[in-house]
Amino acid sequence: MKPLKIGMVGLGRLGKRHAENLALRTPGASIEAACSVVPEELEWAQERLGVKNLFGDYGAMLVSADIDAVFIASSSAVHAAQAIAALKAGKHVFCEKPMGISIQECLEVEAAAAAHPKSTFMVGFVRRFDPSYRYAKELIEQGAIGEPFLVRSQTVDLDEYAAFQVGFVPTSGGIFMDMNIHDIDLARWYLGDEVNSAYAIGGSFVHPEFAQVMDADNTCALLTFSTGKMADLSVSRTAFHGHDTHTEIVGSRGILKIGITPVKNRVEIFDSFGARKPCVRDFYERFEEAFRAEAAAFVECARSGATPIVGARDGTEATRVGFCLTESFRKGRIATIRR
Ligand SMILES: NC(=O)c1ccc[n+]([C@@H]2O[C@H](COP(=O)([O-])OP(=O)(O)OC[C@H]3O[C@@H](n4cnc5c(N)ncnc54)[C@H](O)[C@@H]3O)[C@@H](O)[C@H]2O)c1
């Protein structure tokens, strides 16, 4: 089989990691072109990965580069438009989360994906590719905890990234769309159900600058699903110990807990500060293996025609819930989800 020729879109904090994975570690993938609005990032792609076809304009890349697929890791606000344009140009599409920051634009992506069934379309809900999260899914499918009815999940980042995250809010869709979206996707995936109401509270307890952009640095959210199942999701941007993503799935005959203590590895330090375990620092350190598996899965699906485990509908539903949580947080009342 010929390698999948990819146009990389966005070469920022995450795009560079994806580009390295695709170019250096993913069998059957080849980066033929790269697009970024930041000239230094294009220079990086040329120097680090030897990419020759460089574009500051996405439309120009779609028209003139010899590519089969685009791998979108640009700002969230442009994901949907870029995904739709690529589908219309006959390309396979990997789209980072969130698929879009409004429900309407997600519905338009979904329609474009349905209209181009030969193009593979996948959304970057990376936790579904993490070995522990996948194993939990297998256990649920085997009936290991009976019927799952509650997901508790949190996404927690180190406080030192808060200054960067404030600048990210205008294009990311805010804390629920940017961070909780992973927990929302997991809750839908594990409970096998759709959300019908959402309630969120939060505040800017450590960094008042988040309140100035109508966002928060710590939030709590409750979801009810159509069958009455529940999710309890939280986010913090102000941790001091490390990146602390963890999840529990409660079922009628047992509970699964994934990554409750965010240990870096199996080393414990015994010294004058006590007995302790080092933590993972950031999302990439925690999910590096999952990011590689995700890239490999997209390339494999695009080359073989297999259907990805996470598609456009998952992208829409997660944004729908993220959007309703944002509304609930800003208006101070429960949001009912309409489809
Ligand atoms: N899956 C995850 O866990 C995860 C983690 C971090 C970020 N992300 C997502 O990845 C995306 C990028 O995040 P980041 O942290 O790398 O952001 P970043 O700000 O560091 O990088 C954004 C990139 O987008 C490019 N860009 C912006 N507008 C563009 C346009 N019109 N055309 C082409 N390129 C454009 C910029 O040049 C830059 O390279 C975001 O959507 C974010 O939600 C996902």
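**Exercises on the ligand shell**

The largest share of the shell around the ligand, 3 residues, comes from helix H1 (helices are DSSP runs of H or I with at least four residues, strands are E runs with at least two, and both are numbered from the N terminus). The model is predicted, so that local features need pLDDT of at least 70 and side-chain atom pairs pLDDT 80 or more, while totals for chains, interfaces and linings use all residues. Residues are numbered from 1 along each chain as its sequence is written, and side-chain values use heavy atoms, with hydrogens and water left out.

**Exercise 1.** Describe the composition of the shell around the ligand and where its residues come from.

*Solution.* Begin with the count: 27 residues surround the ligand, and Leu11, Arg13, Leu14, Glu41 and Ser76 are the closest (a residue is near if one of its heavy atoms lies within 4 Å). Next, sort the shell by class, which gives 11 nonpolar, 11 polar and 5 charged residues (Gly counts as polar, and Asp, Glu, Lys and Arg as charged). Then assign elements: H1 (13-25), H4 (79-88), H8 (175-191) and H10 (283-304) each contribute at least two shell residues. Finally, turn to the domains, where domain 1 (4-127 + 290-310) and domain 2 (128-283 + 318-336) each provide at least three residues of the shell, with bounds from an automatic or database domain assignment.

**Exercise 2.** Which distances separate polar side-chain atoms of Glu41, His79 and Asp178 from oxygen atoms of the ligand?

*Solution.* For Glu41 the separation is 2.3 Å, for His79 it is 2.9 Å, and for Asp178 it is 3.5 Å.

**Exercise 3.** Locate the backbone features at Pro98 and Met214, and state their angles.

*Solution.* Continue with Met214, which has a positive phi of about 60 degrees although it is not a glycine, and which lies in the loop between helix H9 (209-212) and strand S9 (218-225).

Methods: A polar contact is a pair of N or O atoms within 3.5 Å; within protein, one must be able to donate a hydrogen and the other to accept it, and residues adjacent in sequence count only if both atoms are side-chain atoms.
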